[in-house]
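Have a look at the model first, then read on.

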Amino acid sequence: MPLLLTSRVEQWPLERPFRISRGVKTVAEVVTVEIRDGDTVGRGEAVPYARYGETPASVLAQIEALAPAFEGAVPRDDLARLLPAGAARNAVDCALWDLQAAQGGTSVARLIGRGEPGAVVTALTVGLDAPEVMGAAAAKIADARLIKVKVDANDPSSALKAVRDAAPEAQLIVDPNESWTMALLERLQPLLEELKIAFVEQPLPSGADSELQGFAPRVPVCADESCHTADDLDLLAGRYGMVNIKLDKTGGLTGALELLAAARARDFAVMVGCMICTSLSIVPALHVAAEADFADLDGPLWLANDRIGGVQASGGLLLPPAPGFWGG
């Protein structure tokens, strides 16, 4: 029996605006995929990202072009031949994992030979705003174990000091989203060390990675926009000490597990990140987060309403979804 592949664009309003150096988001636009084999259905979700030339329409078109291939069996290994790494492949890959687990009466955790995901410490994000506003936002989550601070090149020192004053015990991640220069990164080193920043995520534009060669940072530097798949690691060595694994970049759980293994083999530290999304994007990433050094998976926590049965947050911990939500 041929598999039936369907996809659609969904909009999920945010509870409050999410600001980074590239703009403001008030709605999460996701592409949802369902792959049906008789009465058995696998689901996946992806977030098209304009930074990588993706739109909901372009991702939907990529997925819809796959429909004829699903008239026969489509192993996950074939997806790398049919689709580039990115949001479209992510949604389809995760749907195939979910379908395979359901067909076999098992779980994705058993299929990949790992334990079932448990609660993980996740970063809670303070969006870019005036320093006093960011400090007030940090005060509301001051008991969190890990806080990510979104900044740009406009007085990041004041923003970081305000957040640190409001949350003196939390570990802090700084994320400029490619907005800094090398000169600014160098100038901020003493402050980053003084504020006990855990690491800085993608401070420079990805095209400026070569400027990091030979740089000895006082706190680690993590590649995000510069790291999509395991193939990128050769260029990152000697420039970054960490990589951020996002399923929307790797093209799904399959690519994320490959990047995780390759990064560990190259002695990179690992974080797992996400876009603003629903729990359907997050639950596959929990299988990687269980083995990562840091997790930043608070995407659904920005939504006014998440999918029923999805992940829950408690004191900076992300709790697994209800049984049967995804992956067995």
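## What gets buried

Buried area is the accessible area, taken with a 1.4 Å probe, that two parts lose on being put together, summed over both. Keep in mind that this is a predicted model. On that count, domain 1 and domain 2 bury about 2900 Å² between them, and 57% of that sits on carbon and sulfur atoms. Three residues stand out on the domain 1 side: W12, E45 and Y52 supply 20% of the area that domain 1 buries against domain 2, more than any other three residues.

## The two domains

So who's who? Domain 1 covers 4–105, and domain 2 covers 120–319. Going by C-alpha atoms, their centres are 23 Å apart. The contact draws on 33 residues from domain 1 and 38 residues from domain 2.

R307 and E10 form a salt bridge, with their closest N and O atoms 2.7 Å apart.

Which elements give two or more residues to the side of domain 1 that touches domain 2? They are β1 (4–20), β2 (23–37), β3 (40–46) and α3 (87–104). The largest share, ten residues, comes from β1. Sorted by type, the residues on that side of domain 1 split into 16 nonpolar, five polar and twelve charged.

## Ring against ring

The structure also holds three aromatic pairs. Take F18 and W302: their ring centres are 4.7 Å apart and their planes sit at 80°, so the pair counts as edge-to-face. This pair ties together distant parts of the chain, 284 residues apart. F18 is in strand β1, while W302 is in the loop between β12 (294–295) and β13 (312–314).

Technical notes: Residues are numbered from 1 along each chain as its sequence is written. This is a predicted model: local features need pLDDT of at least 70, side-chain atom pairs count only at pLDDT 80 or more; totals for chains, interfaces and linings use all residues. Side-chain values use heavy atoms; hydrogens and water are left out. Domain bounds come from an automatic or database domain assignment. Contact means heavy atoms within 4.5 Å. A salt bridge is a side-chain nitrogen of Lys or Arg within 4 Å of a carboxyl oxygen of Asp or Glu. Helices (H or I, at least four residues) and strands (E, at least two) are DSSP runs, numbered from the N terminus. Ala, Val, Leu, Ile, Met, Phe, Trp, Tyr, Cys and Pro count as nonpolar, Asp, Glu, Lys and Arg as charged, and the others, Gly among them, as polar. Rings of Phe, Tyr and Trp (its six-membered ring) pair if their centres lie within 6.5 Å; planes under 30 degrees apart count as stacked, over 60 as edge-to-face and the rest as tilted.
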